[in-house]
Amino acid sequence: MSSKQPLRVGMVGIGFMGRTHSNAFRQVSQFFDLPRRPVLQAICARSEGPVQAFAENWGYASHETDWRKLVARDDIDLIDIASPNDTHLDIALAAAAAGKMVMCEKPLGRSAAESLQMVEAVEKAGVANMVWYNYRRVPAVTLAKQLIDEGKLGKIFHYRAKFLQDWTISKDLPQGGAGLWRLDKSVAGSGVTGDLLAHCIDTAMWLNGGITEVSAMTETFIKERTHTLTGAVQPVTIDDASAFLARFDNGSLATFEATRYARGHKALYTLEINGEKASIAWDLHDLHRLQYFDHSESGRTRGWHNVHITDGDHPYMKHWWVPGLQIGYEHTFIHQAADFIAALDGGAAASPTFREGLATDRVTDAVLASAESRRWESVTG
Ligand code: SOE
């Protein structure tokens with residue numbers, strides 16, 4: 001038995017994100033020395049058979065089929081929301097009212113208005129909270145943050161980000177239901193703007209500060225799809241592709257693009273930052289490498305460095321294997337769980353908090369508003 005105080009996790013959702021979060025809470029104590037030890041206390045999903053199977057597979061002590069029962073249990077400390085976006089608001093409000101800590105998968109709300117309610121609820125209740133924007137915790141991206149904060153890039157001129165996928169190109173793909181709720185606006189809130197650009201915006205504001213205004217365009221390439229659950233052919237109301245120009249508080253300019261129609265790209269998240277003294281580039285398909293160009297180097301050998309972010313002095317890496325050996329996507333969630341638990345020990349709140357998740361949703365709202373109005377829109381709030 002561990003002498004550490006348990007952190008009893010009640011998770012909602014058994015899809016892709018239910019698995020990444022469960023894996024994070026299962027593994028984190030083995031690799032990070034933390035003040036509290038997560039215990040997989042209960043998993044919740046609507047269907048008895050699948051949730052029971054998930055509980056057995058991941059080692060949850062119990063399961064529920066109604067999230068309200070989960071939230072009411074007094075043997076749960078933390079509610080982790082890994083269910084579709086239309087469930088985030090109600091679960092978060094109830095969890096905060098019950099005095100539980102709350103973690104929530106991105107995007108926080110389907111709109112900034114929903115996210116604001118969640119922020120007010122957790123802040124009023126004074127409970128720890130965090131949004132799972134996992135890409136900040138790729139060691140190479142965290143190193144980029146350190147280099148920028150140390151002033152290595154100097155004044156930033158440009159920020160460029162893309163998140164490209166190709167999984168919805170077929171017109172025969174239905175919309176709605178398990179796995180495909182991301183295509184259903186009433187459930188997801190938006191298409192690639194909330195699903196993919198939200199990642200790019202979260203990382204961008206973390207690395208480069210607030211975004212003040214945006215000018216966007218979106219497109220829905222396939223106009224009608226069959227609904228998985230009802231069989232009805234219905235209009236597609238999500239954005240399949242979304243691109244925008246932005247200005248940051250610090251005066252830098254940005255371009256952002258996300259699509260599910262970039263044939264050949266499965267999850268290509270890339271970013272590049274150009275500063276007066278140096279530039280940085282990163283690519284999710286090569287996630288353990290950071291491309292770095294330092295203009296102060298001698299001109300004769302100056303060039304882009306391809307740095308392998310696997311050494312003990314790189315962010316998070318001392319917790320893993322030996323220098324030179326890589327880690328992957330799932331580790332970003334483990335890092336996020338570690339930072340959340342470490343911050344419970346009285347330190348600063350682990351970032352991104354719900355308030356920071358709201359800031360991202362304010363930008364995605366402005367992007368969708370600009371695509372609609374065909375004008376520049378200010379980011380409000
Ligand atoms: C969509 O395909 C998706 O799974 C997003 O929902 C995730 O947030 C992203 O990390 C990968 O792509």
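Reader: Is E213 buried, partly exposed or exposed?

Author: This is a predicted model, in which local features need pLDDT of at least 70 and side-chain atom pairs count only at pLDDT 80 or more, while totals for chains, interfaces and linings use all residues. Residues are numbered from 1 along each chain as its sequence is written. A residue is buried if 20 or more other C-beta atoms, placed from the backbone, lie within 10 Å of its own, exposed if 12 or fewer, and partly exposed in between. E213 has 16 C-beta neighbours inside 10 Å and therefore counts as partly exposed.

Reader: In which strand is the place of E213?

Author: Helices (H or I, at least four residues) and strands (E, at least two) are DSSP runs, numbered from the N terminus. The run covering residues 211–219 holds E213, and this strand is β8.

Reader: Which domains does the domain assignment give, and how many Å separate their centres?

Author: Domain bounds come from an automatic or database domain assignment. Here the assignment gives domain 1 (5–134) and domain 2 (136–378). Taken over C-alpha atoms, the separation of the two domain centres is 23 Å.

Reader: What supplies the largest share of the side of domain 1 that touches domain 2?

Author: Two residues are in contact if their C-beta atoms, placed from the backbone, lie within 7 Å. In these terms, 37 residues of domain 1 are in contact with 41 residues of domain 2. At least two residues of the domain 1 side come from each of α1 (16–31), α5 and β6 (129–132). The largest share, 8 residues, belongs to α1.

Reader: How is α5 oriented to α10?

Author: Helix α5 (residues 112–125) packs with helix α10 (residues 354–373) at an angle of about 170°, and their axes are 9 Å apart. Axes are lines fitted to C-alpha atoms, for helices over the stretch in contact, and angles run from 0 to 180 degrees between N-to-C directions. Angles over 145 degrees count as roughly antiparallel, under 35 as roughly parallel, 65 to 115 as roughly perpendicular and the rest as oblique. Therefore α5 is, relative to α10, roughly antiparallel.
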